[in-house]
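Hello,

I am handing over a structure for you to look at, followed by some notes on what turned up in it. Please keep the viewer open while you read.

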Amino acid sequence: MLFWQMAWRNVWRYRRRSLLTVLTIGLGLAFNILMRGIGDGFHEQMVDNSVRAEIGHIEIHRAGYQHDPALLKTLPDPQLIEQVVPHTPHLRGYSFRVLGDGLASTADNSAGVSIVGIDPRAERTVTTIDRAVIAGKFLDARMHRPILIGERLAQTLNAHLDDKVVLVVQAADGSMGAQLFHVAGIFRSGSPELDRGVVYLLRNDAQSLFVLPGGLTEAAILLDSSQSVAQAQNYLTRRLSGKGVEVLPWYVVEPFLRQFIQLDDAFFYIIVLILFFVIAVGILNTVMMSVFERVREFGVMMALGTRPGQVVRMVVQEAAALGLFGVALGAAVGSGLTILFAYTGINLAHYAEGASALGITTTVIRPELTASNLVFSDLSVFCVVLLVALYPAMKAAALKPVEAIRHI
Amino acid sequence: MKCFAVLMILSLAAAAAGPYPDALTVARKCDAALKGKTEYGKASMTVHTPEWQRTMQMTFWYDYPDKTFIRITAPAKDAGTATLRLKSNMWTYLPQVERVIKIPPSLMLQPWMGSDFTNDDLVKESSLPTDYTHHIDGEVTEGGDLCYQLTAIPKPDAAVVWGKLVLIIRKTDFLPRREDFYDERGVLEKTLSFDEFRKAGGRTYPMHWRMVSHTKPGHETTLTFSALEFDRPIRADIFTRQNLSRRF
Amino acid sequence: MAQIELGGVSKTYRDHIAVHALADVNLAIEKGEFAAAVGPSGSGKTTLLNLIGAIDTPDTGVIRIAGLELTATPADRLADFRLRHIGFVFQSFNLFPVLTVLENLEFVPALQGVPQAERARRAANLLEAVGMQDLRDKRPGELSGGQQQRVAVLRAILPEPDLVLADEPTANLDSENATLLLDMMERLNGERGITFLFSTHDPAVMRRARRLIQLRDGRVARDEVQAP
């Protein structure tokens with residue numbers, strides 16, 4: 001109790017130095033929290049984009065499709081899936097598709113494409129491709145053999161609205177399937193892969209082209225957020241176990257995305273370490289100086305009978321007091337800024353060009369604040385403070401009273 | 001004495017060259033045995049997969065090294081589909097949509113009509129003697145025939161997708177018995193075997209070919225030839241885009 | 001048995017050359033004595049006090065205090081020994097600047113484990129006994145040099161140690177404050193029977209001691225009782 005009193009008052013004794021240290025800790029932590037928030041918000045957005053552009057939060061295929069896709073690997077029991085999926089927790093929409101590959105050809109050029117047969121109304125509930133249409137219209141069931149192509153593909157094939165495009169495929173019975181489609185719309189999704197290599201057909205047309213009557217390749221499912229994936233996946237896996245399907249979350253369908261996020265996180269951790277190093281140096285400097293200025297005092301304390309362990313405790317308690325103030329300041333400023341930016345958004349329009357090359361189609365980032373990140377950052381910084389203070393504390397405790405007393 | 005020494009050296013040199021004939025020569029002879037300056041013929045192609053099986057009839061014209069024309073004549077769904085190659089350009093006519101489409105180079109390795117032969121295999125743009133370097137590995141017996149085993153490695157600038165070819169070639173008439181196709185990593189992808197050696201078009205020819213895929217189990221394609229002619233002049237208007245959509 | 005016994009004690013400091021601070025010192029001091037160790041600087045008086053005060057250990061010899069053989073006590077127990085048996089008064093900077101006078105007095109009893117209320121009471125009583133109770137909530141920075149030294153003495157005797165060691169306690173004081181300090185020390189020595197051993201080279205201070213231990217070059221040159 002007495003030592004804590006002394007520690008506390010010592011903090012106020014060196015007011016300016018203490019303030020500087022608290023500021024160092026506080027700002028370092030605040031920056032930490034804000035960066036984490038931006039990183040998390042950014043990643044969440046990337047996932048969201050990818051999910052809403054194409055893959056959905058969860059995909060269901062015939063078992064083995066993801067590893068080795070093939071036209072004939074269609075869903076084994078679509079009716080059952082049609083019954084099970086609507087009850088998925090956190091569900092926002094679902095859509096059944098037919099998938100295959102083929103050649104798209106105009107008089108000028110040909111290109112290999114991925115062909116996606118969709119039900120336009122259902123697809124709207126899952127992806128945002130309908131909002132990416134920049135010319136013409138999104139697919140509609142009333143159209144006759146429409147095809148929706150990406151902007152870059154349209155350029156390659158020199159295809160414009162209402163032009164005819166031939167799709168040539170190898171059908172399910174081995175024969176060559178070829179049909180004429182007319183360009184109903186052109187889209188710009190921002191993702192180079194989609195804009196260059198994917199075409200959309202009405203599902204019935206795709207089934208007839210591929211000679212796949214009633215066949216469906218995948219069910220794509222959209223949830224309310226990527227945090228709900230685990231729960232939804234659990235439900236679907238349970239209800240569909242043993243039915244010969246695979247229930248895959250987005251990060252299995254598109255592992256690159258998650259790997260990118262993990263890599264990004266790794267970079268972040270390096271920055272955090274540098275930050276901690278700066279904070280540590282600040283604390284070390286402060287505590288060492290205050291110890292050095294009180295060598296004689298420590299000498300007197302120990303002469304009077306204070307044990308080395310008690311000296312260590314006192315010095316560490318001083319640092320702890322600084323740490324507490326610093327962490328409180330940092331947590332307040334950090335979360336405050338994160339929430340502010342989450343509200344206003346951080347506009348990246350200047351970097352849109354470079355971002356779209358990475359498949360990032362959003363230009364406004366909203367940072368995220370999670371309780372666990374906040375607590376973890378606070379605790380880590382506080383621990384760094386305590387650990388760093390141990391060194392000068394132990395130096396103080398190792399002083400010999402005889403020499404210390406003589407110290408000016 | 002000097003004479004004897006020279007003789008010794010010469011025969012040693014000859015011995016060092018090996019007991020086999022020159023590999024390039026063997027390759028040339030094999031190529032010439034399978035191809036003429038021109039070819040015309042009909043074939044029946046059957047594609048077997050674990051899921052389905054189809055048979056097509058086709059007629060073909062080759063004018064080496066630059067021109068190829070193939071037309072499918074049966075079954076009705078595919079009849080009229082035709083492929084033309086001129087140098088390194090390739091077009092296909094699709095009767096269902098009455099359109100000619102150009103096949104980009106990126107799709108040359110795609111299966112032709114779902115078979116185990118690729119577009120590239122069928123149009124035969126590459127040439128065994130000119131695009132590869134050769135080496136005779138030894139002698140083997142295959143199907144009762146004494147054969148050379150020849151390994152062909154593509155030349156660095158050759159537009160060839162294989163890492164290596166191994167051919168088993170009959171010593172008697174240099175016709176192939178078998179051809180193994182290896183990718184760049186040395187994995188055996190498919191094997192083409194030649195059978196039913198008979199007289200046709202004035203030469204002995206394997207009338208039955210069988211391509212087996214090693215990467216896709218259960219996939220194989222067989223070709224059975226009929227009506228073969230070699231080295232007869234072919235009308236120029238065969239190898240034109242107009243010919244693709246012509247009624248036949 | 002004397003309260004403090006030294007037998008054959010010597011201490012050498014090694015820097016670039018060996019300095020024999022004390023050489024073969026034999027001494028016996030009884031309980032309740034009011035003694036001064038005197039001599040020119042470098043004579044070893046500070047070393048003597050340090051050794052008796054258990055903040056340093058001799059190279060040779062035996063030191064006994066209140067029956068306990070200091071020299072046989074392990075180093076990590078010396079702090080505890082000091083806590084319970086010795087009071088210190090230094091030349092200057094005795095008090096902790098962040099604590100009030102009262103709290104400074106409470107410091108050692110707090111280390112000893114005396115509960116807060118009890119030790120506050122004792123400290124307050126002591127201040128009153130010497131008429132210094134209005135200083136109780138002041139910080140050392142607000143006191144004069146003389147006041148600080150007097151408070152230091154009070155702090156030293158409050159836990160009722162066996163002896164109080166004061167190393168040149170009047171060195172930074174004017175003669176009036178020096179007198180006041182010695183008055184207090186003498187009075188506490190008389191009232192409570194606490195042994196006082198102080199070092200000094202001030203003749204005025206020497207005159208107040210009842211026993212003079214004269215040191216020269218690390219040895220006891222003269223040791224005699226004198227009339228005050």
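What percentage of the 248 residues in chain B is buried? Buried residues make up 28% of chain B; a residue counts as buried if 20 or more other C-beta atoms lie within 10 Å of its own, as exposed if 12 or fewer do, and as partly exposed in between, with C-beta atoms placed from the backbone.

Before going on, two notes on conventions. This is a predicted model, in which local features need pLDDT of at least 70 and side-chain atom pairs count only at pLDDT 80 or more, while totals for chains, interfaces and linings use all residues. Residues are numbered from 1 along each chain as its sequence is written, and chains are lettered from A and ligands numbered from 1 in the order in which they are written.

**Chain B**

Chain B has five helices and 13 strands. Helices (H or I, at least four residues) and strands (E, at least two) are DSSP runs, numbered from the N terminus. Of the contacts in chain B with a separation of 6 or more, 44% are between residues 24 or more positions apart. Two residues are in contact if their C-beta atoms, placed from the backbone, lie within 7 Å.

Most residues other than glycine have a negative phi, and most peptide bonds are trans. Y64(B) and P65(B) are joined by a cis peptide bond, with omega about -5°, and P65(B) sits in the loop between β2 (53-63) and β3 (67-74) of chain B. Another cis peptide bond links A74(B) and P75(B), with omega about 0°; P75(B) belongs to the loop between β3 and β4 (82-86) of chain B. D231(B) is not a glycine, yet its phi is positive, about 60°. Look for D231(B) in the loop between β13 (220-230) and α5 (241-245) of chain B. With 14 other C-beta atoms within 10 Å, D231(B) is partly exposed.

**Chain C**

Strands β1 (residues 4-14) and β2 (residues 18-29) of chain C run antiparallel and are joined by eight bridges. Two strands pair if DSSP finds at least two bridges between them. The hairpin from β1(C) to β2(C) passes through three residues. β1(C) also pairs with β4 (residues 60-65) of chain C, in the antiparallel sense, over five bridges.

E168(C) has a positive phi of about 45° although it is not a glycine. E168(C) lies in the loop between β7 and α6 (175-192) of chain C and is buried, with 20 other C-beta atoms within 10 Å.

**Where the chains meet**

Contacts between chains A and B involve 17 residues of chain A and 20 residues of chain B. On the chain A side, β7(A) gives the largest share, four residues. By class, that side has eight nonpolar, eight polar and one charged residues. Here Ala, Val, Leu, Ile, Met, Phe, Trp, Tyr, Cys and Pro count as nonpolar, Asp, Glu, Lys and Arg as charged, and the others, Gly among them, as polar.

The contact between chains C and A takes 18 residues from chain C and 17 residues from chain A. The side of chain C that touches chain A has 13 nonpolar, two polar and three charged residues.

Enjoy exploring!
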